[in-house]
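Dear colleague,

Please find the structure below, handed over for your use.

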Amino acid sequence: MLLKNGSSGEDVKKMQEKLGIKADGAFGPGTEAKVKEWQSANGLAADGVVGDITWAKMGLPVAAPVADAGELKISKLQGIIPANVLAQIPDTAAKFNITTNLRLAHFLAQCAHESGNFKFVVEFASGSAYEGRKDLGNTQPGDGVKFKGRGYVQLTGRANYGKFSQFIDEDCVANPDLVSSKYPLASAAFFFNSNGLWSVCDRGSDDAAVTSVTKRVNGGTNGLAERMMYFKKFWPLLNS
């Protein structure tokens with residue numbers, strides 16, 4: 001257990017509830033200050049970091065350790081990436097060629113930016129703008145709304161939902177909400193895999209590599225600074 005400024009997820013929410021502050025799952029400066037205050041009042045070193053000792057002293061249940069998957073050091077991301085996302089990584093990695101920690105760092109950095117740090121799995125807009133978009137396979141009335149963006153990198157359009165359904169062997173055309181409820185990470189990895197992005201990820205860990213991946217995901221460089229911030233947060237942990 002290691003929660004600190006920058007961590008997010010359900011464990012952060014539990015800890016915030018224990019502290020009696022807004023439980024939004026985001027460990028920021030306000031949460032850090034409250035942790036220090038609580039630690040000081042309870043005879044602990046007031047470092048603002050919630051490790052095993054602080055967690056246990058709060059009387060919170062010990063979280064099950066996260067297991068690595070082959071060479072992927074998933075456990076290094078515990079407390080940084082939400083637990084429900086970490087749980088999806090092993091199966092997703094096996095299906096979609098996430099074979100190195102470098103690929104995983106690039107992939108998660110893009111997903112984190114596109115989903116508001118893994119908070120959003122459905123596009124905010126109604127999807128009506130996609131109505132009649134034959135390039136997305138939206139040929140039937142209502143397709144724009146039905147097949148709007150879902151998942152951490154927003155799978156969009158009847159054609160893409162159909163291709164993903166064939167790969168994952170579950171009918172996401174008949175039930176589009178599966179993409180957001182069951183396959184938010186897998187659908188994002190499908191996008192990376194289908195568009196040859198792993199070879200771009202393999203170029204390295206410098207800013208130029210992150211920029212190249214961003215251009216392929218975004219079509220430009222929107223949000224590049226945040227995408228780089230996430231990569232520089234994940235990569236050192238996975239590479240340690």
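A disulfide is a pair of cysteine sulfur atoms within 2.5 Å. By that criterion, a search of the whole structure finds zero disulfides. The sulfur of Cys 201 lies 10 Å from the closest cysteine sulfur, that of Cys 111, which is too far for a bond. For Cys 172 the closest cysteine sulfur is also in Cys 111, and the separation of 16 Å is again too far for a bond.

Please note that this is a predicted model, in which local features need pLDDT of at least 70, side-chain atom pairs count only at pLDDT 80 or more, and totals for chains, interfaces and linings use all residues. Residues are numbered from 1 along each chain as its sequence is written, and side-chain values use heavy atoms, with hydrogens and water left out.

Burial is judged by relative accessible area (buried is under 20%, exposed over 50%, partly exposed in between, with a 1.4 Å probe and protein chains only). Cys 172 is buried, at 0%, and Cys 201 is likewise buried, at 0%.

Helices are DSSP runs of H or I with at least four residues, numbered from the N terminus. Helix α10, residues 184-194, is mostly covered, with eight of its 11 residues buried. Among them are Pro 184, Leu 185, Phe 190 and Phe 192. Just after α10, Gly 196 adopts a positive phi of about 65°.

Axes are lines fitted to C-alpha atoms, for helices over the stretch in contact, and angles run from 0 to 180 degrees between N-to-C directions. Angles under 35 degrees count as roughly parallel, over 145 as roughly antiparallel, 65 to 115 as roughly perpendicular and the rest as oblique. Contact means heavy atoms within 4.5 Å.

Helix α6 (residues 101-114) packs on helix α12 (residues 207-218) at about 55°, with the axes 11 Å apart; the two are therefore oblique to each other. In this contact, His 106, Gln 110 and Glu 114 of α6 meet Ala 209, Val 210, Val 213, Thr 214 and Val 217 of α12.

Helix α13 (residues 224-238) packs with α12 at an angle of about 125°, their axes being 10 Å apart. That makes α12 oblique to α13. Here Asp 207, Val 210, Thr 211, Thr 214, Val 217 and Asn 218 of α12 meet Leu 224, Arg 227, Met 228, Phe 231 and Lys 232 of α13.

With kind regards
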